[in-house]
Amino acid sequence: MKTRIKELRARYDLTQEELAEKVGVRRETIVFLEKGKYNPSLKLAHDVAKVLNSKIEEVFIFEEQ
């Protein structure tokens, strides 16, 4: 899975820590999300997208295997 979290965070001038606080997770979770090493729950994906004023499918790019 690829994400645009880092790019969108920059657009809103948010640090990983600030985004993590807004969605109720640890900063490390945001790090793993940005690296594509963690598949978020639907709720977390929704919360991240909402904070970044985007749709889930604009933030998370799910690749077919």
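Tutor: Let's start with a term: a salt bridge is a side-chain nitrogen of Lys or Arg within 4 Å of a carboxyl oxygen of Asp or Glu. The model here is predicted, so local features need pLDDT of at least 70 and side-chain atom pairs count only at pLDDT 80 or more, while totals for chains, interfaces and linings use all residues. Residues are numbered from 1 along each chain as its sequence is written, and side-chain values use heavy atoms, with hydrogens and water left out.

Student: What makes E28 and R26 a salt bridge?

Tutor: Their side chains come to 3.4 Å, N to O. The cut-off is within 4 Å, so the pair qualifies.

Student: And why is R26 called exposed?

Tutor: Its relative accessibility is 58%. Exposed means over 50%, buried under 20%, and partly exposed in between (1.4 Å probe, protein chains only), so R26 counts as exposed.

Student: How many salt bridges does the rule give?

Tutor: The count comes to 4. Among them is E7 with R4, whose closest N and O atoms are 2.7 Å apart.

Student: Why do E7 and R4 get the label they do for accessibility?

Tutor: E7 has a relative accessible area of 44%, so it is partly exposed. R4 has 26%, and therefore is partly exposed too.

Student: What makes E34 and R9 a salt bridge?

Tutor: The closest N and O atoms are 2.5 Å apart, and because the limit is within 4 Å, that passes. This pair links distant parts of the chain: E34 sits in helix 3 (residues 27–34) and R9 in helix 1, 25 residues apart. Both residues are buried.

Student: How do you know where a helix or strand is?

Tutor: They're DSSP runs numbered from the N terminus: helices are H or I with at least four residues, strands are E with at least two. On that basis the protein chain has 5 helices and 2 strands, in the order β-α-α-α-α-α-β from the N terminus.

Student: What makes the chain as compact as a globular protein of its length?

Tutor: The radius of gyration is 11 Å, close to the 11 Å from the globule rule for 65 residues, so the label holds. That radius is taken over C-alpha atoms, and the rule is 2.2 Å times the number of residues to the power 0.38. The C-alpha atoms fill a box of roughly 35 × 20 × 20 Å along the principal axes, and 37% of the 65 residues count as buried.

Student: Why is the patch of D13, E17, E18 and E21 called negative?

Tutor: Asp and Glu count as negative, Lys and Arg as positive, with His and the chain ends not counted, so these four residues form a negative surface patch. D13 lies in the loop between helix 1 (5–11) and helix 2 (16–23). At 69% relative accessibility, D13 is over the 50% cut-off, so it is exposed.

Student: Why is V51 called partly exposed?

Tutor: Its relative accessible area is 23%, and because that is not under 20%, V51 isn't buried but partly exposed. V51 lies in helix 4 (residues 42–51); its C-alpha atom is separated by 15 Å from that of E34, 17 residues apart along the chain.

How values were computed. Patch = residues over 30% accessible without salt bridge, like charges linked within 9 Å, V, L, I, M, F, W, Y side chains within 5 Å. Areas by Shrake-Rupley, 256 points an atom, 1.4 Å probe, with all protein chains shown as cover. Charge placed at Lys NZ, Arg CZ, Asp CG, Glu CD.
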